[in-house]
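I opened my notebook today to look up a few things in a new structure. Come along and check each entry as I go.

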Amino acid sequence: MPIKRIKIQYRLLLLVVILSCMMTEGIAQSRSAFDRISEDRRFSASNYCIYPDSVSLEQTPPPTGKHPFYISHYGRHGSRYLNNRKGYDVPYQMLAKADSADKLTPLGKHVLQQLKEIIDDSEGRWGDLSELGKQQNEGIARRMMDRFPEVFEGKAHIDAKSTTVNRCILSMGAALLTMQARNPKLQIRMDASKHDMWYMNHQDKLLRDSMSTPTTEKAYDIYCEGREHNPRLMSLLFNDSVYAKTEMDEIWLNYYLLKTALIQQNTSMGSKIDILDIFTYEDIHRFWQKENAWWYFNYGPSLLNGGKQPYTQRFLLRKMIEEADSCLLLKKPGAQLRFGHETMVLPLTCLLELNQFGYQTLNLEELETHGWWACVVFPMASNIQFVFYRENPLDKDVLVKVLLNEEEATLPIKSDLAPYYHWSDFKEYYLKKLDAYEKGN
């Protein structure tokens with residue numbers, strides 16, 4: 001029996017409810033996370049989200065006479081396989097145990113078989129870049145050259161660095177091969193060394209130790225209460241309710257099974273399994289809420305643990321500013337590309353306060369309505385680009401525009417030219433911010 005039949009009536013009812021809400025509340029209201037999930041369930045995957053299928057090349061025209069001449073970039077690796085077996089083994093072993101006791105429904109046996117296929121497909125590929133991840137980086141590289149051709153003309157210099165993780169190195173390679181194919185004259189230099197890890201993938205022990213505190217744990221537990229259980233799922237998978245209640249861990253089975261289903265969008269298995277169909281939109285939305293809150297207080301500016309977690313990327317931001325200043329002295333600086341992880345992209349976005357992601361609150365319930373959605377910041381292959389503009393090498397009024405996942409972003413800096421900002425204002429604001437943190441610590 002196809003799993004999809006289970007949800008037909010629910011989806012029709014949900015559609016009626018959504019349309020009714022739109023009629024009563026008005027179309028002018030921005031879409032909620034639940035709306036996005038109802039349109040595409042993959043949106044709920046948090047850091048497992050795939051990169052947007054299409055990116056608009058439209059952009060705000062620069063001031064008259066200004067031209068792009070240099071790009072400074074930091075990006076996450078592309079789509080990958082799960083890092084290790086644990087996430088798959090948890091649901092698999094639970095269902096295998098129940099199967100040996102003849103406690104699975106036909107649907108439960110179907111899900112168990114699909115889990116086995118997923119594990120077999122991933123064996124030996126844990127954490128590896130997938131084919132989709134390669135394509136994402138190729139696409140980003142092509143669009144970067146299409147949007148800012150002046151930066152990549154002739155013998156332009158491309159300085160690329162990666163963390164020492166294989167999927168990041170391969171992401172860098174996919175992007176550079178695409179650029180080289182389009183312009184064989186490019187002067188490309190690439191490196192992946194522990195020498196640069198102090199800023200490319202900085203691990204701040206002081207801040208990491210303060211991520212989880214009694215305060216954050218209590219707040220998170222309260223937030224998750226009512227969002228963790230899924231008795232309907234248990235009735236679908238097990239034919240013995242007493243066994244399911246006494247022998248199975250409902251919370252972890254629900255969590256890992258849904259997470260397993262969602263990460264498959266990054267691999268070829270995404271089109272071969274239907275595990276996600278046993279979950280309702282409400283199930284998926286609750287998962288999204290929990291993941292979003294977790295990322296907020298671990299890597300965002302949450303006041304629950306002091307609001308300082310984004311400063312883990314202070315070395316990366318300062319390095320990008322210093323290297324930009326050096327490149328601005330060159331007649332044709334080209335581009336600097338850096339390839340790393342979501343645990344850098346998200347806090348860097350918050351440190352920069354892009355699109356108000358510097359939002360601070362003690363109340364996790366406010367995140368969703370305020371628009372603090374981590375998934376829109378750090379999908380696979382997510383990236384931040386600083387694009388610099390000037391009239392000529394003698395022009396002292398250099399402008400910078402910041403793109404988050406190739407879309408123009410707003411900064412917490414006054415500008416008469418937004419989304420373009422004067423580089424002098426940019427430096428003054430962020431260097432003062434970094435200096436203030438370092439003096440206070």
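In which sense do β1 and strand β4 pair, and over how many bridges? I looked it up, keeping in mind that this is a predicted model. β1 and β4 (residues 334-340) pair in the parallel sense, and seven bridges join them.

Next I checked β5 (residues 383-390). β1 and β5 run antiparallel, with eight bridges between them. Here I found Ile71 opposite Val387 in β5.

Then I asked myself why β1 can be called largely enclosed by the rest of the structure. The strand covers residues 67-76, and nine of its ten residues are buried, so the rest of the structure largely encloses it. For this step I needed the cut-off: buried means under 20% relative accessible area.

**Entry: a loop residue**

I turned to Thr163, which I found in the loop between β2 (157-162) and α6. Is Thr163 buried or exposed? Its relative accessible area is 0%, so Thr163 is buried. I noted that its side chain makes a polar contact with the side chain of His341, at 3.0 Å. Leaving aside residues up to four places away in sequence, Thr163 touches several others, including Cys168, Met197, Asn201 and Phe339.

**Entry: cavities**

How many cavities of 30 Å³ or more does the structure hold? I wrote down three. The largest cavity has a volume of about 80 Å³. Its lining has 14 residues, and the closest to its centre are His73, Asn137, Ile140, Ala175 and Phe339. At least two lining residues come from each of β1, α5 (131-147), α6 (166-182) and β4. The largest share, four residues, is from α5. By class, I noted eight nonpolar, five polar and one charged in this lining.

**Entry: the largest pocket**

Last, I looked at the largest pocket, with a volume of about 830 Å³. It is lined by 37 residues, and Tyr48, Tyr255, Lys259, Glu291 and Trp294 are the closest to its centre. Which helix gives the largest share of this lining? I found that α12 does, with six residues. Among the elements that each supply at least two residues are α3 (86-100), α9 (214-224) and α13 (281-299). The lining divides into 14 nonpolar, twelve polar and eleven charged residues.

Methods:
Residues are numbered from 1 along each chain as its sequence is written. This is a predicted model: local features need pLDDT of at least 70, side-chain atom pairs count only at pLDDT 80 or more; totals for chains, interfaces and linings use all residues. Side-chain values use heavy atoms; hydrogens and water are left out. Buried means under 20% relative accessible area, exposed over 50%, partly exposed in between (1.4 Å probe, protein chains only). Two strands pair if DSSP finds at least two bridges between them. On a 1 Å grid over the protein atoms alone, a cavity is a set of points where a 1.4 Å probe fits but cannot get out, and a pocket is an open set with protein on both sides within 12 Å along at least five of seven lines; lining residues have an atom within 4 Å of a point. Grid points are joined across faces, edges and corners, and a volume is the space filled by probe spheres set on the points. Ala, Val, Leu, Ile, Met, Phe, Trp, Tyr, Cys and Pro count as nonpolar, Asp, Glu, Lys and Arg as charged, and the others, Gly among them, as polar. A polar contact is a pair of N or O atoms within 3.5 Å; within protein, one must be able to donate a hydrogen and the other to accept it, and residues adjacent in sequence count only if both atoms are side-chain atoms. Contact means heavy atoms within 4.5 Å.
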